[in-house]
Structures are given as C-alpha cells and as structure tokens.
Amino acid sequence: MKTELYRGIDISARVGSATPYELISLLYEGLLTSLADTRLALDSGDLEAKSRCLTKAISIVHALRESLNTDIESELPHNVLLLYNYMIDRLLLASRECDTAAVVEVSELVLTIKSGWDRIRPE
C-alpha cells in the first residue's frame, strides 16, 4: 500500500516538472508498466486486474495518439497514428479473449517506439 502511495507521489512530481518530451517518455513508461501488470493479471487469472490494467493501457495509447502532430508534412506521424490504432485494436482483443500474445506484441511494439524516442532526446 505504501509503495503505491510513494509511486503516485513520485509520478506526480515527475509530471509536474516534465518537459513535453519527458511527458511522452513517462507515458511510454506507464504503458509498459500497465502491459506488464496486464500479463501478470492474465497469468494469475485475475480478470478484474486484467480489465483495470488494460483500461489504463488503452487510455495511455489514446493520450499518445492525441499528442501526435499530424499537421506536419511527413508520413511519420500518420504511420505512428496507424500503429497506435493497431495497438488499441490488439489490446481490445486481449481484453475480450484474454490473449496474452496480443499484450506481448503490443509490449514489443512499445519498446521499439520507446527506444527510438529515447534516441532523439533533446539537449
């Protein structure tokens, strides 16, 4: 219980002082945590926790999707938008069918995107 309280305080402090770049990084971290928690819930058969974790993960993907600037002259944000939509579809499938493979797939996609994001860190 105390760990969750401290984690909440830490996240609040980090969000309060974060740059836009850091906010996206925090969203990726939160998404990966939610996906890992989803896998644990699926493995233990805890359907309530699975639902809660997947709802959080889907909300984070929605937030990431909304953060995209699709007004620029590049295919990149549009391709990332399609990827986020695909992730949401896979997570909805995972929720309906308790499909761990779909959660693993989305986790791998997020890790790939996050590693690219981490390499463009502004100075």
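Buried here means under 20% relative accessible area, exposed over 50%, and partly exposed in between, with a 1.4 Å probe and protein chains only.

Before going on, the provenance. This is a predicted model, where local features need pLDDT of at least 70 and side-chain atom pairs count only at pLDDT 80 or more, while totals for chains, interfaces and linings use all residues. Residues are numbered from 1 along each chain as its sequence is written, and side-chain values use heavy atoms, with hydrogens and water left out.

Back to T38. The residue sits in helix α2, residues 20–44. Helices are DSSP runs of H or I with at least four residues, strands are runs of E with at least two, and both are numbered from the N terminus. Leaving aside residues up to four places away in sequence, T38 touches K50, C53, L54 and V103. Contact means heavy atoms within 4.5 Å.

α2 packs with helix α3, residues 47–67, at an angle of about 155 degrees, and their axes are 8 Å apart. Axes are lines fitted to C-alpha atoms, for helices over the stretch in contact, and angles run from 0 to 180 degrees between N-to-C directions. The two helices, α2 and α3, are therefore roughly antiparallel. That label applies over 145 degrees; under 35 is roughly parallel, 65 to 115 roughly perpendicular, and the rest oblique. The crossing of α2 and α3 is left-handed, that is, the near helix is turned anticlockwise from the far one by less than a right angle; clockwise would be right-handed. On the α2 side, the contact includes T38, L31 and L35; on the α3 side, K50, C53 and L54 are among the residues. By class, this contact of α2 with α3 has 15 nonpolar, four polar and three charged residues. Ala, Val, Leu, Ile, Met, Phe, Trp, Tyr, Cys and Pro count as nonpolar, Asp, Glu, Lys and Arg as charged, and the others, Gly among them, as polar.

The other pair is α4, residues 76–97, and α5, residues 100–119, packed at about 155 degrees with axes 8 Å apart. α4 passes α5 in a left-handed crossing. Their contact has 13 nonpolar, no polar and two charged residues.

Finally, the whole chain. The protein chain has five helices and zero strands. Of its 123 residues, 30% count as buried.
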